[in-house]
Every structure is written in structure tokens, then in C-alpha cells.
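Have the sequence and the 3D view at hand.

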Amino acid sequence: MSDVEPPELPRGIALAWGVAANPQRGPKREMSVEKIVDAAVELADAEGIGAVSMAAVAAKLGFTPMSLYRYVTAKDDLLLLMQEQGTGLPPDEYRLQEGWRAKLRTLFEAQVIVYLSHPWMLSLPITGSPITPNSSAWIDAGLDSLADTPLNDAERLAVALSVTGEARWYGLVSAGYIEQSRASGLSAAEVSAQEAALFDRVISADEYPALRRAIDAGVFTAEDDPFRFAMERIFDGVEAYIAGLDRGAAHVSDAEWIGAEPAEIAADKKLREARKAIRDAEKALRDARRLERIALRDAHDRLERSRKRD
């Protein structure tokens with residue numbers, strides 16, 4: 001048995017789990033952590049996360065900011081509790097699906113809806129795993145979906161996190177397009193058409209040949225959903241990996257990854273400076289090639305004019 005004392009829960013996490021000490025004074029009957037969080041979420045849903053402050057939430061509830069601080073002692077704790085409420089619980093219907101793939105697909109779709117319902121959540125910084133009841137329930141649901149597979153525990157977590165990550169990315173981009181549509185008064189299709197027209201104007205076949213081919217193929221106005229396509233291909237890869245395990249293949253360890261780079265190395269100052277020098281050199285090379293193409297076109301034009309004069 002270890003003699004090491006477990007770490008004390010930060011107040012925000014303790015509040016989320018309902019184990020924080022209650023305030024000793026204040027308008028107890030009229031105020032509660034739940035009412036404070038409800039008011040903050042309503043503000044964020046209506047006006048965005050920038051509208052949420054302790055003063056604004058207090059005003060919405062008809063109290064002073066100091067009254068709130070007796071219940072939620074820091075804005076960061078309030079943001080954590082807002083995220084917890086916005087996240088909610090995963091849908092029970094995932095349990096009714098047949099097979100891990102259908103279960104994870106149900107969780108993916110549900111997470112996308114969470115982000116589209118509360119887009120302000122996408123603005124909250126990621127400072128680590130949110131150790132709160134609802135967020136934990138989503139991780140548990142992802143792991144449970146993979147319980148009958150031959151994946152080991154670490155692999156199940158990796159797959160569950162990939163679903164969450166893809167859902168967040170989907171929500172981030174979709175929320176951006178929705179906001180653009182709202183602000184411009186254009187429909188989603190019109191926003192896509194406008195974006196395609198801008199790409200068409202600035203992307204040349206000389207400088208961006210692959211992107212130019214994609215534009216000419218109409219990828220930016222196509223009705224296909226690239227995010228669901230990507231999620232399904234991730235599932236294909238997991239399915240192929242599981243099939244290999246069923247045939248007796250060994251589990252792949254992190255040590256076998258090619259090009260893996262620890263965070264400590266990526267953060268090295270001299271390495272960052274070297275990579276910045278590479279980016280600067282690449283930019284200078286792109287600029288030089290652009291000038292070369294312009295000069296080459298001008299040279300052809302001058303030669304053509306000279307031939308016509310002769």
C-alpha cells in the first residue's frame with residue numbers, strides 16, 4: 001500500500017464531481033453552482049464565449065460578482081463547468097448498435113452535434129484531459145464500444161481519441177462555415193461557391209498543380225462530406241488492424257513509428273530556429289520561382305511581339 005497522499009482535486013473538478021465544499025455564506029437559497037453554470041451557458045450560446053464574464057453572469061442572475069465567487073472561485077473553473085454541461089452524456093443508443101464500428105459512428109455523430117450546438121466550446125483551450133463526469137463518460141463509451149475487439153487497452157484509447165478528435169475538427173470547420181453564412185447572409189452552398197471562386201482566382205497550375213486539378217474537378221463545391229469520408233477511412237484502417245490481430249499479427253508499439261518525435265525534442269529552441277530558417281528559405285524559393293515564371297512569360301511576350309514586328 002502506498003504512503004503517497006493522492007493529489008487534492010482542483011476546485012473546478014471537485015465542483016464537477018459534486019464533492020467541493022459548499023460556501024459558508026451568501027444568498028444560498030437563490031444561488032447555486034448549477035444556476036451560475038446555466039446562466040453562463042445561455043450567454044455563451046446566445047453571444048459567444050467572449051460575452052461570458054463573472055460580472056455578466058452575475059448581472060444575468062441579478063447578483064453581484066462577489067456573490068458568484070463564493071460558489072465558483074475562478075473563471076477557469078466556470079469555463080470547465082460550462083464545458084462539462086455542454087458536453088452532456090453520450091447517447092445510450094450507441095449500445096444498441098451492432099459491432100464496434102457502428103457504435104463509434106454513433107458516438108462520432110453525437111459529438112459533432114454537441115460542438116454544433118455549443119460552438120463556443122471549440123474556443124476553449126485544451127489544457128489536458130477534462131477529468132469530469134460527462135467527459136469521462138464519453139471516453140468510457142468509446143472504450144466500451146471496442147471492448148469485444150482484440151485491441152489492447154492503449155489501442156482502444158487511441159481509437160476512441162481519434163473519433164473525438166475527428167468530431168472536434170468536423171465541428172470546428174462546420175461551425176466556422178455556419179458563422180460565415182450567418183454573418184454574410186449567404187446560404188452554405190453560396191459560401192462554398194464564393195470560396196471556390198476565390199481559390200479559382202489565385203491558384204495557378206504552375207505553382208499549385210495538384211490543388212489546381214482539384215479545383216477544376218469541383219471539389220470545393222461537391223456535396224460529398226470529406227469529414228465523414230475521413231472517419232470511415234480511419235475505421236477501415238482500424239478494421240484492417242483488427243483483422244491482422246485476429247490472424248495472429250503482433251500489436252504495433254510506439255517504437256515502430258517512423259518519424260515519431262518526442263514533444264521535448266520538438267520544443268528544442270535550436271531545432272525550432274533551424275526549422276524557421278527552412279521555412280524562410282522555402283518562402284524565398286517560392287517567391288524566386290514566381291518571379292522566374294513572370295519573367296519567362298514576359299520574355300515569351302517580348303519575343304512574340306518582336307517576331308510580329310519582323
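A contact here means heavy atoms within 4.5 Å. By that rule, and leaving out residues up to four places away in sequence, valine 52 touches Ala40, Leu43, Ala44, Val57, Lys75, Leu78 and Met82. Before going on, please keep in mind that this is a predicted model, where local features need pLDDT of at least 70, side-chain atom pairs count only at pLDDT 80 or more, and totals for chains, interfaces and linings use all residues. Residues are numbered from 1 along each chain as its sequence is written, and side-chain values use heavy atoms, with hydrogens and water left out.

Val52 also belongs to the largest nonpolar core, which has 53 residues; Ile36, Val57, Val72, Leu78, Met82 and Leu104 join Val52 as those with the most contacts inside it. Such a core is a set of buried Ala, Val, Leu, Ile, Met, Phe, Trp, Tyr and Cys residues joined through side-chain atoms within 4.5 Å. Buried means under 20% relative accessible area, exposed over 50%, and partly exposed in between (1.4 Å probe, protein chains only). Among the helices that each supply at least two core residues are α2 (33-47), α5 (75-87) and α6 (99-117); helices are DSSP runs (H or I, at least four residues), numbered from the N terminus.

Now turn to the aromatic rings. Rings of Phe, Tyr and Trp (its six-membered ring) pair if their centres lie within 6.5 Å; planes under 30 degrees apart count as stacked, over 60 as edge-to-face and the rest as tilted. A search of the whole structure finds five such pairs.

Phenylalanine 199 and phenylalanine 220 make a stacked pair, 4.5 Å centre to centre with 15° between the planes. Here phenylalanine 199 is in helix α9, while phenylalanine 220 is in the loop between α10 (209-216) and α11, 21 residues apart. Phenylalanine 199 counts as partly exposed because its relative accessibility is 25%, and phenylalanine 220 counts as partly exposed at 26%. Elsewhere, Phe108, Trp169, Tyr170 and Phe227 form one aromatic cluster.
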